[in-house]
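Dear colleague,

Please find below the structure I am handing over to you. My notes on what was found in it follow.

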Amino acid sequence: MLCVDNVHITFDPGTPIEKHAIQGISLKLEHGDYVTVIGGNGAGKSTMLNLVAGTLFPDTGTISVGDKNVTSYPEYKRALYLGRVFQDPRAGTAADMSIEENLALAYRRGKFRGMGWHIRKGERKFYRERLATLGLGLETRLKDKVGLLSGGQRQALSLLMATLKQPRVLLLDEHTAALDPKTAKTVLDLTNKIVQENNLTTLCVTHNMRDALKNGNRIIMMHDGKIILDMKGKEKADLTVQDLLKMFESASGEEMLSDRMLLT
């Protein structure tokens, strides 16, 4: 469903701060894979996600979604195939628009919208039903401005918007990192529910090792722009945080020093 083939990208080439941020990454996700991606600061996790999303373009290599080579597609064209939830709850929604208007933007993505902005009765019923599955009471607040929602409610709405049309690949960029632990768990539980019910192919970047081990069927660890560990199935299910730390040190030759990973 997603194929990243020998991708490289260098920032600020030819300057004293040149950084080869992604170094020949190859990655293939089958339909229904739920892959968690971990690594220290500067490992290349978010850069890889941005390359898949079309926010960045590789210097060399190819990126395909299904049978479609999207390497040269800008972000708005890839949005037809991808759903994305950002770390900042404000990034995926429009604060000055209502809940139903935000949902309409997501639902009508890729369709001709004309000059009108009328939300039909059947469409509103669909939005209400989908919101009800979140269990947050948002189905009774369709007319409320999104800016009035809490961070957790807004992130849950972003998640619903990103999956409303069942994208071929769902990208999650540390989407619970800005939330308090209780709210983060609620959003993560909703994520797992939506992913499992719709069998969505998912690529989830996280700093939380426990979350990475608990969720998904496959785990990838990155370091210095490379994938240094890739485990799935029972092999992944039997892992502990201490196992991951030992594997990181063995594969990278370095000690894991990221407080965000060690303390969560």
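Helices (H or I, at least four residues) and strands (E, at least two) are DSSP runs, numbered from the N terminus. The model is predicted: local features need pLDDT of at least 70 and side-chain atom pairs count only at pLDDT 80 or more, while totals for chains, interfaces and linings use all residues. Residues are numbered from 1 along each chain as its sequence is written, and side-chain values use heavy atoms, with hydrogens and water left out.

I begin with S46, which is placed in helix 1. With a relative accessible area of 27%, S46 is partly exposed; buried means under 20% relative accessible area, exposed over 50%, and partly exposed in between (1.4 Å probe, protein chains only). Leaving aside neighbours within four places in sequence, S46 is in contact with D173 and E174, where contact means heavy atoms within 4.5 Å. S46 and V205 are 159 residues apart in sequence, yet their C-alpha atoms are 7.1 Å apart in space.

Six strands form an open sheet in the order 6-7-8-3-9-10, and the pairing is mixed; two strands pair if DSSP finds at least two bridges between them. Strand 6 and strand 10 (226–232) each have a single partner strand and stand at the edges, so one side of each has no neighbour in the sheet. On average, neighbouring strands of this sheet are turned by 20 degrees against each other, direction ignored. Axes are lines fitted to C-alpha atoms, for helices over the stretch in contact, and angles run from 0 to 180 degrees between N-to-C directions. Strand 3 (residues 34–39) pairs with strand 9 (residues 218–223) in the parallel sense over five bridges, and the bridge partner of V37 in strand 9 is I220. Helix 1 (residues 45–53) packs on the sheet and touches strand 3, strand 6, strand 7, strand 8 (201–205) and strand 9. The direction of helix 1 makes about 145 degrees with that of strand 7.

Helix 5 (residues 151–163) also deserves a description. Its 13 residues reach 18 Å from the first C-alpha to the last, close to the 18 Å expected at 1.5 Å a residue; the expected span is 1.5 Å times one less than the number of residues. Helix 5 lies across strand 6 and strand 7, running at about 175 degrees to strand 6. Of its 13 residues, 12 are buried, and their cover includes helix 3 (99–107), helix 4 (121–132) and helix 6 (181–198). Q155 lies in helix 5 and counts as buried because its relative accessibility is 1%. Among the residues that Q155 touches, not counting those up to four places away in sequence, are V85, F86, H175 and V187.

A nonpolar core is a set of buried Ala, Val, Leu, Ile, Met, Phe, Trp, Tyr and Cys residues joined through side-chain atoms within 4.5 Å. The largest has 29 residues, of which I99, L103, Y127, L131, L134 and L157 touch the most other members. Helix 5 gives the largest share of this core, six residues. Apart from it lies another core, of 28 residues, among them L27, I63, V169 and V205.

Finally, the structure holds zero disulfides, a disulfide being a pair of cysteine sulfur atoms within 2.5 Å. C3 is partly exposed at 30% relative accessibility, whereas C204 is buried at 5%.

Yours sincerely
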